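Grab a pencil and work through these exercises with the model open next to you. Try each task before you read its solution.

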Amino acid sequence: MPFQDSFEFAKKIDSEDPIAHIRNEFSIPKDHNGNEEIYLCGNSLGLQPKLAAKYVKHELNQWAELGVKGHFSGDFPWMPYHEFLADGFANIVGAKKSEVVSMNTLTANLHFMMVSFYQPTETRHKILIEEHAFPSDHYAVESQIRFHGLDPKESMLFISPREDEDDIRDEDIISLIKQQGDSIALVMLPGVQYYTGQVFDMQSITEAAHDKGCNVGFDLAHAAGNIPMQLHDWNVDFACWCTYKYLNSGPGSVAGCFVHSNHHRSEDLPRFAGWWGHDKMSRFKMENNFKPMKSAEAWQLSNPPVLSLAAIRGSLDTIKNAGGIEVLREKAIKLSGYMRYLLDKKLSDDVAIITPTETNRSGSQLSLAIKLKAGDSSDRGKLVFDEIEKQGVIGDWRHPNVIRVAPVPMYNSFTDVFRFVEILRHAIEESR
Ligand SMILES: *Cc1c(COP(=O)(O)O)cnc(C)c1O
């Protein structure tokens with residue numbers, strides 16, 4: 001679609017947007033003037049779907065009215081409550097229902113997955129990870145390596161962008177796997193990079209890693225609900241994601257986990273077990289003879305926090321009502337495409353977009369580096385960020401020099417994008 005640089009044009013594409021009404025299914029925060037914020041922070045904390053609030057209230061009522069009987073009563077009894085989320089998760093990550101489960105939190109799941117899928121030997125002991133991975137992922141990997149009595153200096157293998165480049169080339173990951181694969185036990189990378197918004201070629205990375213006999217896991221914190229995936233067909237071994245970013249399920253909400261069906265029957269996988277992973281037919285016989293379920297549910301430990309699962313169910317239903325992840329992606333490409341067009345047209349001297357340009361290498365988020373010129377103070381980017389925030393734009397600032405903004409298809413509009421770029425242009429002019 002040929003874009004135009006005018007508010008009228010932005011309004012026109014909003015009026016033609018088949019899913020514009022989904023915004024009304026969300027609570028939109030107001031700025032200090034009482035106007036709706038331009039909320040471009042769905043990559044950090046997604047807004048509240050009205051259905052999430054409704055479903056959580058319903059479970060609170062069930063608890064008040066039924067007490068322990070809520071485990072078995074009503075349309076959505078608590079006992080199998082996590083099963084009601086499997087369909088939605090499976091669609092979002094491209095999996096079979098038996099391959100996904102909601103449990104724990106993201107970093108906890110990374111650990112539990114590494115217990116099963118990182119089994120170092122004398123010759124094959126490395127974990128391949130980004131040099132500038134999200135700190136939690138870095139700490140998890142480092143501590144797992146230590147837990148096995150190994151030295152992170154020997155066993156953490158890093159990949160980074162080439163000098164003077166912002167994004168990691170998929171080809172560089174693949175050639176590193178080809179060269180060093182025999183010593184790599186696990187490749188653990190993000191689906192979408194949190195700082196740059198880069199989408200990785202998960203399919204080719206998985207193929208290359210499996211050719212060398214390595215396990216592959218992805219952290220989908222910034223991918224789940226952002227881009228469509230086909231984890232089952234790509235043969236990914238495991239994946240973990242949080243649900244409070246693009247999945248709009250509330251701060252610290254329960255996370256999601258994928259384990260490929262290839263592993264559901266392997267008897268020899270080590271795991272840290274709990275009663276909720278035990279065969280559900282005999283779970284309440286209370287015999288101490290662990291019999292894992294033949295699905296991703298085998299990795300569950302505890303009976304899950306239903307209030308949090310209710311919020312996730314509300315969010316997944318909202319995505320379904322919007323037409324599903326493919327429909328969202330179609331709008332997302334246009335939204336971020338429009339933002340890119342306006343930034344290139346109006347601000348190319350001052351703003352560098354470090355997110356890759358190719359549609360298949362970027363999701364909703366654009367990461368903007370404010371260019372520094374001779375005489376600029378080094379904190380100019382942060383000053384610009386503070387100014388746009390005062391004007392009602394919610395994005396986030398990531399040290400050392402990036403403003404992250406994510407126009408998301410569920411509740412952002414093309415007029416949001418237009419107004420954001422105008423506010424940014426003013427803030428940049430003021431900062432001189
Ligand atoms: C958001 C995010 C996390 C957060 O982890 P929690 O365990 O949910 O606190 C971890 N890793 C990445 C890559 C993230 O983007």
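**Exercise 1: Contacts of the ligand**

How far does a polar side-chain atom of K245 lie from an oxygen atom of the ligand?

Before we start, a word on the ground rules. This is a predicted model, where local features need pLDDT of at least 70 and side-chain atom pairs count only at pLDDT 80 or more, while totals for chains, interfaces and linings use all residues. Residues are numbered from 1 along each chain as its sequence is written, and side-chain values use heavy atoms, with hydrogens and water left out.

Step 1. Go to K245: the distance from its polar side-chain atom to the ligand oxygen is 2.6 Å.

Step 2. The side chain of T107 has an N or O atom 2.6 Å from an oxygen atom of the ligand, and D219 places a polar side-chain atom 3.2 Å from a ligand nitrogen.

Step 3. Now ask how covered the ligand is. On its own the ligand exposes 390 Å², and the protein buries 82% of that (accessible areas come from the Shrake-Rupley method with a 1.4 Å probe; for residues, only the protein chains shown count as cover).

**Exercise 2: The shell around the ligand**

List the residues around the ligand and sort them by type.

Step 1. Pick out the neighbours (a residue is near if one of its heavy atoms lies within 4 Å).

Step 2. Sort them. Ala, Val, Leu, Ile, Met, Phe, Trp, Tyr, Cys and Pro count as nonpolar, Asp, Glu, Lys and Arg as charged, and the others, Gly among them, as polar. The shell then splits into 4 nonpolar, 2 polar and 3 charged residues.

**Exercise 3: A pair of rings**

Why is the pair Y338 and Y341 called stacked?

Step 1. Recall how such pairs are described: you give the distance of the centres and the angle of the planes. Rings of Phe, Tyr and Trp (its six-membered ring) pair if their centres lie within 6.5 Å; planes under 30 degrees apart are stacked, over 60 edge-to-face, and the rest tilted.

Step 2. The structure holds 22 aromatic pairs. In the pair of Y338 and Y341, the centres are 6.1 Å apart and the planes meet at 10°, so this pair is stacked.

Step 3. Find them on the chain. Both sit in helix α11 (residues 325–347), 3 residues apart, about one turn of the helix (helices, H or I with at least four residues, and strands, E with at least two, are DSSP runs numbered from the N terminus).

Step 4. Compare their surroundings. Y338 is buried at 0% relative accessible area, whereas Y341 is partly exposed at 24% (buried means under 20%, exposed over 50%, partly exposed in between, with a 1.4 Å probe and protein chains only).

Step 5. Widen the view: ring pairs join F3, F9, Y338, Y341 and F414 into a cluster.

**Exercise 4: Charges over rings**

Which rings have the charged ends of R271 and R313 over them?

Step 1. Use the rule: NZ of Lys or CZ of Arg must be within 6 Å of the ring centre and within 35 degrees of the ring normal.

Step 2. R271 has its charged end over the ring of W299, 4.4 Å from the centre. For R313, the ring is that of F76, and the distance to its centre is 3.5 Å.

**Exercise 5: Residues in loops**

Is T355 buried or exposed?

Step 1. T355 belongs to the loop between β11 (351–353) and β12 (366–370). With 2% relative accessibility, T355 is buried.

Step 2. Check its side chain: a polar atom there lies 2.8 Å from the backbone nitrogen of S367.

Step 3. N248 has a positive phi of about 50° although it is not a glycine, and N248 is buried at 3%. M286 also isn't a glycine, yet its phi is positive at about 60°; M286 is exposed at 57%.

Step 4. Finish with the cis peptide bond between H399 and P400, where omega is about 5°. P400 lies in the loop between β14 (396–398) and β15 (402–405).

Definitions and conventions
A polar contact is a pair of N or O atoms within 3.5 Å; within protein, one must be able to donate a hydrogen and the other to accept it, and residues adjacent in sequence count only if both atoms are side-chain atoms.
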